[in-house]
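Let's take a walk through this one together. Have the model open and follow along as we go.

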Amino acid sequence: MKYLLSAVIVLGLLAGAVWAQESDQPSTAAADTAVSADTVSVAPPAPVGNLRAYDSDNDHGHAVTLEWELSPDDGGGDNSVLMYEVFRWYPYFWDTVQEVRAELVTARQRRVQGTLDVEGDPDDYVKELVSRHTELLSTLPEAHEQYPDDGEFRLVRAVPAGTEKFEDRGPKDRLAEDFLPDYCDFYYRVDAVTIDESVRTPSQIVGPVQSYGQWFNTGRIVVLCFVLVFGLLTILFVQRARSGAELYVRPIAGIEAVDDAIGRATEMGRPILYVLGLGTAADVATIASFTILSRVAKQVAEYQTQLIVPTYDPIVMSVAQEVVKSAYLDAGRPDDYSQDIVYFVTQSQFAYVAAVNGVMLRERPATNVYMGMFHAESLLLAETGAIAGSIQISGTDQMAQLPFFIVACDYTLIGEELYAASAYLGREPVLLGSLKAQDVAKAAVVLFALIGVIVTTAGSSVFQNLFKVTD
Amino acid sequence: MRREVPLAITFFVGTLLIISVFLPPAEGLGEDFTVFFDIIAVFAFFLGGGNLVRVHLTKLSRRKEDWPYSIVTLLGFALMLVVGLFKLGNPGGIAASPTTDGSYFQSIFDSVLLPLGATMYSLLAFFVASASYRAFRAKNREATILLVAAFIILLGRTPFGMALTGFIPEQFDLFQVPNLAVWIMNFPNLAGQRAIMIGIGLGVVSMSLRLILGIERTYLGGDER
Amino acid sequence: MKRSSVIILSVVVLLFLASWLWKASTLSSDPGIVNAWGQAFGITLAAFLTLAILSFLYRDNPFYKFAEHLFVGVSAAFWMVMGFWSTIVGNLVPRLSEGLSSFFKVPFDRFAVNYFYFIPVILGILLLLRLSRDAGWIARWPLAFIVGTTAGLNFIRYLRSDFIEQVSSTFVPLLVGWQGFGHFLDNLDLSATGQLALTVGNWVISLGVFCGLVYFFFSKAHTGVFGAASRVGIWVLMITFGASFGYTVMGRISLLVGRITFLFKDWLGLIS
Amino acid sequence: MTWAPLVSMSNLGVVISLAVIGGGLLWLLYRSLLAKEVDRRVIFLFILVSVAAPLLFPMTFEEQATPVVKAIFDKIESLPEGSRVLISFDFDPAMAPEVQPMANVVTQHCMVKGHKVIFMCLFATGQALLTQSLELIVSEQFPDKVDGIDYVNIGYKAGNEGVLNVIVSDFKKMFPTDVNSVPYDSIGVFKGIRSCKDLDMVFTIGGGKPGVKEWVLFVGDPGRVPVAGGVAAVVAPQMYPYYPKQLFGIMGGIKGAAEYESELRKTYPQFHDVDAPGLRMMGPQTLAHMVIMAFIVLGNVSFIVQKRRDRRRKR
């Protein structure tokens with residue numbers, strides 16, 4: 001059988017060569033017509049150079065990385081390389097494993113559908129297949145040691161020309177067709193392939209290489225350093241603040257304006273509208289907004305003004321209810337609190353906006369406060385508020401919406417100012433302490449940036465590599 | 001129980017997720033947690049639905065202003081819920097996706113939700129114009145910078161930008177309005193964005209740390225209970 | 001109700017019916033359309049709801065109120081239904097129960113069952129207790145889980161992509177292909193000015209980020225040199241905001257184009 | 001660009017509508033010189049007319065692809081046939097008019113190049129739009145493409161960036177089946193694909209959250225997958241910091257789509273007869289931009305006149 005196959009291939013190649021030679025001698029008539037790609041003969045390209053294979057770093061196994069130097073005919077030379085085909089050596093034993101695997105998968109599927117028809121308990125049948133499969137997998141490393149006997153190279157994947165790196169990565173799931181076992185000796189080859197798929201040049205074979213899992217992702221060590229440094233800084237400053245050190249925070253215009261706006265609403269006898277945005281209760285902007293809401297609610301309770309808080313997220317609603325309730329309690333007016341102050345509208349962006357816009361034109365609030373996470377609705381809210389003649393104070397960490405708030409509102413807290421505002425208002429030492437830690441980190445950034453720019457201008461990329469996070 | 005347990009949960013879950021980033025074998029754990037998160041998020045939808053019904057029934061029973069409109073809300077809610085949960089009119093039956101063409105759910109989506117949402121969003125076209133008219137005035141230095149930057153970008157997005165400044169020789173093509181607009185987007189704009197992003201990034205990191213360590217606890221509501 | 005509102009309401013209802021009839025008759029002339037009456041109703045409804053929302057631009061009115069309240073109700077149900085089918089039925093049921101899986105006709109694999117998935121179910125039910133007045137405090141537990149998950153995820157992601165990567169992107173060379181003034185003036189061509197633009201741009205980025213960060217510095221009063229830097233920071237931010245605003249206008253107009261195209265094309269058939 | 005494309009508006013309707021808009025603006029200028037403010041409803045009316053008129057009497061302009069858009073086109077063009085591309089529809093109906101043309105044109109390009117495409121979405125409401133696009137582009141323009149072999153629609157899963165966090169290392173965990181309940185392992189497109197890391201590129205279209213940014217943060221960066229994004233114009237400036245390291249290309253707003261359509265038409269002339277919504281929508285854009293700029297000028301005119309008057313009065 002093998003001889004027959006090789007005979008056919010040799011014959012085929014001969015025929016191809018003859019035919020290619022014929023087309024090498026174009027007739028004068030054919031010279032005018034465009035030559036289509038598949039009639040062009042190509043010389044075999046140069047092979048890829050320096051093929052290396054190693055276990056992929058920082059993963060949980062089941063992956064091998066290959067690297068090579070481009071064939072000189074890729075992007076230069078004849079420029080004839082269209083793609084690279086990566087081959088891996090498989091023992092024939094792998095097919096046996098695959099047969100059992102396929103049987104097991106079908107049996108499981110049939111079991112799911114209830115169409116598995118075997119003697120005895122179908123579950124036992126499946127279990128037996130599972131143990132057979134496991135056993136076969138455990139002998140797989142031995143089969144790989146037989147290289148180069150009883151096996152062959154098979155195509156893993158084709159990658160476009162210009163690629164210098166490929167990761168042969170399989171699933172962790174042993175039942176997947178392309179499962180890539182750990183601790184087996186793999187051998188690889190990379191072919192440089194031209195537009196005519198039969199014209200190709202294989203590389204040298206590389207191996208043996210094994211894949212296995214690592215316990216620690218060293219590529220993320222930079223991140224870990226930042227985590228530790230920043231964590232320590234925060235704890236340090238929080239401790240300092242707790243021990244009574246005086247921490248200065250500069251005034252924030254938007255926050256000062258909130259107090260005046262509440263006063264104005266009281267004078268006019270009109271309500272205050274507080275919008276928490278579209279964030280969830282876990283989003284940082286929303287959490288910062290809760291602190292500001294707490295302060296606003298307390299003052300509102302003191303002045304006995306009306307407060308309206310329509311919410312978008314049901315969880316945010318329930319948190320906001322508790323925040324407002326305890327603010328009324330702190331202000332000594334628990335009786336003024338009502339369940340209707342904070343209410344749920346709908347969890348759909350524009351339906352929510354439609355409803356809030358309706359509230360603005362019907363209740364005519366003296367002041368609108370928008371704090372939290374906002375998306376496209378920012379300008380819809382702010383312009384409607386302007387039409388209703390309300391004073392507007394906003395704050396968000398959504399870059400895209402800041403321009404609209406800046407343009408349409410009277411005061412805007414920009415990004416980090418919103419978070420700082422919650423610390424500024426809370427005046428709790430722990431919050432101020434973590435704000436200080438942020439400032440120190442910012443100062444460090446400025447310093448780093450300064451050094452980095454100078455070093456980079458001098459033509460070195462040392463500093464840039466220092467900040468590189470690999471995966 | 002009311003305070004300690006939640007703080008412990010936050011600490012445990014948050015720390016676990018941070019650690020899992022550095023340990024490849026623990027990666028799957030973090031994924032499972034995020035799947036859990038999604039399932040809880042769906043329960044929140046139901047919490048929302050319950051609240052919606054409560055709010056509008058209250059409005060209705062107290063005969064508050066505009067109460068008849070609450071009937072519209074409740075009817076719309078009930079109709080969509082029934083049609084969607086029972087997959088009414090779905091040609092593929094219960095196994096098909098709820099948004100299969102021809103199902104009543106998809107039809108209501110097409111003729112009610114889609115036009116309402118898209119029109120609400122499109123009001124922005126009008127509001128962008130009215131806000132530009134009202135706010136882009138050279139009142140002080142900051143406002144003037146805002147105005148000039150916006151104007152150059154607007155001009156650059158039309159063929160008229162090129163028509164007005166096409167006479168500038170090629171060497172100085174940076175000063176042709178469309179190129180100037182791209183330059184502003186790529187450099188000063190980028191600088192501003194980056195400063196804000198670094199600030200926000202630090203803020204988020206710091207807030208996350210405060211949450212995990214249990215320093216920030218406003219989200220748990222008041223202390224009184 | 002006032003008499004004028006009754007008249008307006010009946011005119012709108014009549015217009016709606018007329019539009020439905022007319023649309024149905026145009027649609028039924030097309031043999032490819034199965035349910036002409038149903039489709040005509042859908043398009044007419046969509047068109048009238050579009051106009052109801054647009055009427056808000058003139059002022060608040062009963063038609064807008066109707067559209068608004070309908071929108072709130074239908075959208076809330078939409079999200080509940082989608083969440084139910086895709087997550088509860090799609091992701092949860094096949095991992096927990098065979099009976100429910102066969103009921104909802106989703107594939108069930110008893111070897112993929114994972115009882116850990118009862119954790120989110122329990123947390124979800126605890127969340128629903130918020131609806132009760134006495135046991136509402138238990139809802140803090142799932143909330144703590146959500147906050148913890150987000151905080152854990154955000155902590156690493158933001159540190160990495162928004163902070164470390166952004167800082168390292170700021171390391172730009174302050175001189176790009178610069179060979180001195182003489183060389184620059186002698187070879188005043190496209191590439192030379194291009195390099196100048198890049199060099200100036202990189203200066204702008206470095207100084208802009210620097211001054212912008214100074215503006216966000218909270219521990220020091222903004223006076224003196226520090227104040228000057230922070231003022232430059234505000235200017236940079238203003239350019240950012242102005243530019244972003246101008247850049248956005250295009251997108252906003254597109255949205256209106258989409259709606260008007262719907263009215264002209266799908267409803268009135270004015271354009272093809 | 002020259003004035004040439006504008007000459008094609010010889011149509012009577014165009015002339016009349018331009019005259020109306022121009023005349024109206026001149027009248028408003030006269031009023032502004034008397035320091036009178038313009039009512040917002042008048043502004044709204046002008047915007048309405050400037051958008052509606054070009055739709056009734058069309059004008060189109062030729063577009064030149066900017067490098068950020070060209071990068072996406074070149075990447076898709078250079079991938080070998082059969083490459084695996086994921087297209088994610090992360091937008092809702094409200095954003096659709098602006099971003100769906102990008103999704104459609106990239107789908108057209110992938111189909112004509114013979115790539116295998118996985119369609120998904122992170123917005124519940126995106127699923128309906130995805131179905132719409134598949135029908136409009138794949139079923140109508142590429143009837144030979146087979147579901148499951150040439151493309152697959154795996155639909156929506158709730159969970160926002162959580163979904164991404166899972167699929168970056170395991171698709172099957174999040175998407176055990178496609179939208180039609182076909183199990184993952186029997187879908188041909190997924191052969192050899194375990195996670196996002198095995199994809200040749202990701203193109204995500206979105207304007208909100210979760211959107212392109214989340215794809216970069218949760219898939220592109222950790223998985224080292226080439227990601228390109230199509231975003232609403234509003235988000236595009238925010239995406240520039242990620243270009244070209246973390247995002248290899250960006251399409252911003254309808255102008256981005258128009259540029260891509262122009263580029264596709266240049267390379268594949270067969271698309272000349274196919275509707276190009278991006279190019280079609282640029283007419284109203286130009287006019288509306290002019291009107292908004294005019295109003296900014298008007299606002300400043302009346303502001304300056306008013307200020308002078310106040311100063312004179314003080315004297």
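Helix 13 of chain A (residues 429–457) is the biggest giver to the nonpolar patch, putting in 4 residues. Helices here are DSSP runs of H or I with at least four residues, strands are runs of E with at least two, and both are numbered from the N terminus. Before going further, a word on the model: it is predicted, so to speak, with local features needing pLDDT of at least 70 and side-chain atom pairs counting only at pLDDT 80 or more, while totals for chains, interfaces and linings use all residues. Residues are numbered from 1 along each chain as its sequence is written, chains are lettered from A and ligands numbered from 1 in the order written, and side-chain values use heavy atoms, leaving out hydrogens and water.Back to that patch: its members are Leu447(A), Leu450(A), Ile451(A), Ile454(A) and Phe210(C), and together they have about 460 Å² of accessible area. Such areas come from the Shrake-Rupley method with a 1.4 Å probe, and for residues only the protein chains shown count as cover. A patch takes residues with over 30% relative accessible area and no salt bridge, joining nonpolar side chains (Val, Leu, Ile, Met, Phe, Trp, Tyr) within 5 Å and like charges within 9 Å. A salt bridge, in turn, is a side-chain nitrogen of Lys or Arg within 4 Å of a carboxyl oxygen of Asp or Glu. Ile454(A), part of helix 13 of chain A, counts as exposed because its relative accessibility is 58%. The cut-offs are under 20% for buried, over 50% for exposed and partly exposed in between (1.4 Å probe, protein chains only).

Now for the charged one. Asp101(B), Asp110(B), Glu135(D) and Glu140(D) make up a negative surface patch. Asp110(B) sits in helix 4 of chain B (residues 104–135) and is partly exposed, at 33% relative accessible area.

Leaving aside residues up to four places away in sequence, Glu383(A) touches Ala408(A), Phe127(B), Ser130(B), Ala131(B) and Arg134(B); a contact means heavy atoms within 4.5 Å.

Finally, take a look at chain D. It has 12 helices and 6 strands, and its C-alpha trace spans about 80 × 45 × 30 Å along the principal axes. Of the 315 residues in chain D, 64% are buried. Among its contacts between residues at least 6 apart in sequence, 75% join residues at least 24 apart.

Methods:
Lys, Arg positive; Asp, Glu negative; His and termini not counted. Charge placed at Lys NZ, Arg CZ, Asp CG, Glu CD.
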